[in-house]
Amino acid sequence: MATFAIPNRPFATEPVTGLMTPDGIFEAAIGQQNINAHVQSSSGSASNVQVYIESVSDPGIVITPATHFIGTAAAGVAHLFSWQADFTGASPGKHLVSFIVETPGGSQRIIKKIFVTKIAFNPVTGGYSVSSPEGVLDAVFTGALGPKNPLCCSGGKRGEDCENGLCRTRETINTALRTAATLAEDDKNARNLLHYLSRGFKGHDPNFVFCAPQVLITDIEAAVTPTPPFAGQYGDLPFQDPWWKVILAILAFLLLVAAAIAEAVDGSGTITPGASGTHDLPSGSGGSCCTPTASGGGTSYVAAALVAAAAAVATVAVASDVRDPFRKGQDHTAPDTATELTIAEKLSMKAIYTDEVIPGKPFNTGIEYKYTRITTAKSYDYAATETSANVHLLDKYVIDAPDVVRAYKRELFVVKAQFYDANKKLFKGSQLFVQCYLIGPAGQLRVFALQDNGLQADATSNDGTYTGAFRFTTDDKGLWKYFVLAQDVNTADPNLDPEEAAQIIGGMILTDQLSITFTGGTCPLVADGDVNVIV
Amino acid sequence: MSVQLEIQDGSTYWWLSPDVWTVPGEDPEGVPGLPIVGQPCYVWARVHNTGTDAVTNATVRFYWANPAVGFDRNSANHIGNANVSLNAGETKEVLCLVSWTPVWVNDGHECVLAEAFHAALDPLPASPDFNVPTDRHVAQRNLTILEVAPMTKNFSMSFEIHNTERLPRTFAIKAEVGKPAELRPLLKQLGRDIPTGTGKVAKMGLIKGRNACDGDETPQPSMDRIEVAGGGRTGLTLTGELEGEAALLHVVQEADGRDIGGLSVLVMQGKEQKKGRA
């Protein structure tokens with residue numbers, strides 16, 4: 001009998017962009033998300049395999065039951081499956097999910113951990129609180145990097161906000177969110193950026209116009225309140241696994257997505273994810289941040305996804321994968337006595353972007369930070385300026401897809417993609433999460449996954465060629481763009497020491513369709529190709 | 001199309017289902033055993049599809065209940081849900097990953113239930129009543145293990161009966177002696193051996209109230225008329241003297257001439273009197 005495993009921690013994809021969240025962590029404030037898992041036969045092969053989620057340890061997570069089928073599950077081949085779930089009522093913490101893999105020879109139960117955070121808007125600080133069992137992280141983004149002219153009126157949708165093609169001056173997020181919170185006092189502060197995430201966008205709006213007045217977070221005031229206060233030099237990592245900076249990256253990612261949706265839904269130009277320090281120049285570079293633009297509809301969603309994903313990559317890169325500023329601060333601020341308890345840790349950090357931010361490329365970044373440990377006896381400080389580089393790298397990727405599809409002949413649109421790591425070695429199987437975003441001439445958006453499992457359109461399993469297929473209908477006439485987005489996956493062994501596990505981060509975008517450059521103009525947003533659909 | 005989901009009842013006493021059990025501790029796939037107050041445990045159910053067609057994504061709901069006799073879907077405590085897919089004629093063990101931490105209520109006497117259904121292909125009856133003995137979807141495990149100190153033959157166990165209806169009802173309660181061998185189908189899930197020797201119970205009976213030491217009421221093997229106000233509950237105590245190694249007792253609750261609830265007690269010689277439930 002074949003034996004199955006789920007080699008990686010199941011990960012979240014959020015509903016607005018369809019991308020994996022940083023490190024695959026689920027967020028209660030979003031509500032609906034997908035639980036994604038690679039199911040792999042670790043020994044032997046089996047036919048007619050069924051996979052479903054049996055149960056979840058948190059009753060606040062409501063799964064939409066679904067059973068997936070695998071015609072033939074060969075040994076060592078991973079198959080990606082997704083289940084919709086509502087996390088609205090989820091409690092923050094580490095939860096268990098049991099998967100059932102059933103073959104004609106019997107069934108097998110696989111229990112995996114997932115991580116859930118819970119973000120709440122804090123009207124007092126104008127920031128956000130992210131809860132995990134090990135503590136609460138409060139973060140206020142006090143500075144952001146954005147284009148001088150975000151061209152928010154490019155779609156002409158919000159003409160009232162424009163003057164000579166420029167958006168009017170934007171209020172800071174602190175002011176905007178405080179106002180929103182006051183107005184929505186009876187609505188539990190729903191009308192902040194989280195509101196847009198949880199509400200989603202009621203389906204993909206072909207008229208959605210993307211605007212990104214700020215694209216990179218530069219200044220962050222963060223504080224961790226450990227629960228409970230801890231003795232000694234080191235506290236627990238959130239979920240006993242990722243660095244606290246990963247939580248910051250989740251926040252940055254989700255708020256940027258929400259901001260884009262807020263712009264599209266309300267178009268007020270008053271809600272942006274940055275803060276009072278918004279500026280258009282990378283620190284000391286003399287350059288000018290490019291302006292992300294998109295032609296509207298589906299392309300705008302892709303642009304929103306890529307800007308948010310790039311910001312997450314940048315945030316993680318700034319703070320280094322190996323050891324984050326919180327941990328480094330702890331390294332240098334050992335309490336004087338064993339009886340002192342650390343009751344809070346504060347981090348004031350400023351990102352320095354010395355290179356253009358191009359996902360998948362080894363761009364360098366810098367950070368100036370001050371860490372403060374507050375104990376029951378006194379405070380300890382540590383400050384440093386450091387440089388680091390993005391380590392989520394792709395040497396290159398190659399896409400193979402037809403440029404014409406005859407829908408009237410029911411031809412499939414088959415996309416094949418290969419991704420080479422920094423050592424020019426192909427990624428394979430469950431090492432990547434790959435999706436193709438199809439953007440139609442009328443702003444339509446279709447998304448499908450590419451797999452390396454040797455089934456359906458994929459010719460050979462584990463050969464490093466990820467393949468997916470889509471069938472256009474006779475309503476899909478015209479020229480479609482496509483983007484193939486790849487994200488890495490957290491491959492940490494669940495038995496790893498927390499410090500080691502924390503150094504493995506997944507969910508980082510590797511493909512470079514969008515670059516954040518500092519030479520002005522528009523940010524390069526390059527589709528991987530076009531396909532002409534003939535009906 | 002025929003899908004028939006079933007969780008089996010106990011053969012003689014329906015509340016002794018062999019298909020519902022608990023696993024105490026942090027490992028949901030650990031060794032079955034008795035739940036311990038204050039410590040988490042996981043509830044499992046064995047679900048059969050006795051129909052002729054396969055079913056995917058059926059739902060299994062898990063509950064614990066207080067009091068042990070007389071409750072419905074509204075008064076039982078929902079623990080969590082699970083999903084199961086079954087071919088025709090197939091049986092599967094289903095795990096509820098939401099852990100249940102038993103609390104000390106009803107003198108420690110609580111029971112667990114599970115029900116399996118598919119909303120479209122094999123729905124539950126519309127009534128909030130569980131109707132365990134007549135509804136194949138649902139089963140109940142309601143067993144208490146009571147250890148009696150070696151130097152003390154006397155035992156007692158308090159429990160409540162609950163009238164879930166709006167209007168007053170009259171119940172009949174009777175205590176019966178069974179045989180420990182009746183528990184054999186449950187052995188795998190008890191997490192412990194049961195004595196192979198036999199025993200008997202003297203002076204077995206029921207008294208009103210929840211403290212055997214109160215008053216001088218003579219225990220009665222049955223009580224034919226116990227009136228309980230609508231939505232109310234009343235306490236009773238099962239008492240007796242164990243002679244020998246072990247004895248199995250059943251308490252049966254009747255209303256309107258039919259069994260509507262019950263619980264079973266395995267009384268065993270032990271180092272000290274203590275209780276566990278399964």
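Modeller: I'll take chain B, starting with its cysteines. Cys41(B) is buried, at a relative accessible area of 0%; buried means under 20%, exposed over 50% and partly exposed in between, with a 1.4 Å probe and protein chains only. This is a predicted model: local features need pLDDT of at least 70, side-chain atom pairs count only at pLDDT 80 or more, and totals for chains, interfaces and linings use all residues. Residues are numbered from 1 along each chain as its sequence is written, chains are lettered from A and ligands numbered from 1 in the order written, and side-chain values use heavy atoms, leaving out hydrogens and water.

Back to Cys41(B). The closest cysteine sulfur belongs to Cys96(B), at 9.9 Å, which is too far for a bond. Cys111(B) is buried as well, at 1% relative accessibility. For the sulfur of Cys111(B), the closest cysteine sulfur is that of Cys41(B), 13 Å away and too far for a bond. Over all chains, the search finds 0 disulfides (cysteine sulfur pairs within 2.5 Å).

Now a charged residue. Arg73(B) sits in the loop between strand 4 (55-65) and strand 5 (77-86) of chain B; strands are DSSP runs of E, at least two residues long, numbered from the N terminus. Arg73(B) is buried, at 14% relative accessible area. Its side chain reaches two backbone oxygens: that of Ser127(B) at 2.9 Å and that of Asp129(B), also at 2.9 Å. Leaving out residues up to four places away in sequence, Arg73(B) touches, among others, Tyr63(B), Glu115(B), Leu124(B) and Phe130(B) (contact is heavy atoms within 4.5 Å).

A salt bridge puts a side-chain nitrogen of Lys or Arg within 4 Å of a carboxyl oxygen of Asp or Glu. Glu115(B) pairs with Arg61(B) at 3.1 Å, N to O. Glu115(B) is in strand 7 (residues 111-117) of chain B and Arg61(B) in strand 4, so the pair ties together parts 54 residues apart in sequence. Glu115(B) is buried, at 0%. Arg61(B) is partly exposed, at 25%.

Another pair is Glu254(B) with Lys174(B), at 3.2 Å between the closest N and O atoms. That links strand 15 (residues 246-255) to strand 11 (residues 169-178) of chain B, 80 residues apart. Both partners are partly exposed: Glu254(B) at 21%, Lys174(B) at 29%. Glu227(B) and Arg225(B) also form a salt bridge, at 3.2 Å, and both of these residues are exposed.

Last, the side facing chain A. There, 21 residues of chain B are in contact with 19 of chain A. The two chains bury about 1500 Å² between them, with carbon and sulfur atoms giving 49%; buried area is the accessible area (1.4 Å probe) that two parts lose on being put together, summed over both. On the chain A side, Tyr52(A), Glu54(A) and Arg109(A) supply 32% of the area that chain A buries against chain B, more than any other three residues. There is 1 salt bridge between the two chains. Lys92(B) makes it with Glu102(A), at 2.2 Å, N to O.

Notes:
Helices (H or I, at least four residues) and strands (E, at least two) are DSSP runs, numbered from the N terminus. A polar contact is a pair of N or O atoms within 3.5 Å; within protein, one must be able to donate a hydrogen and the other to accept it, and residues adjacent in sequence count only if both atoms are side-chain atoms.
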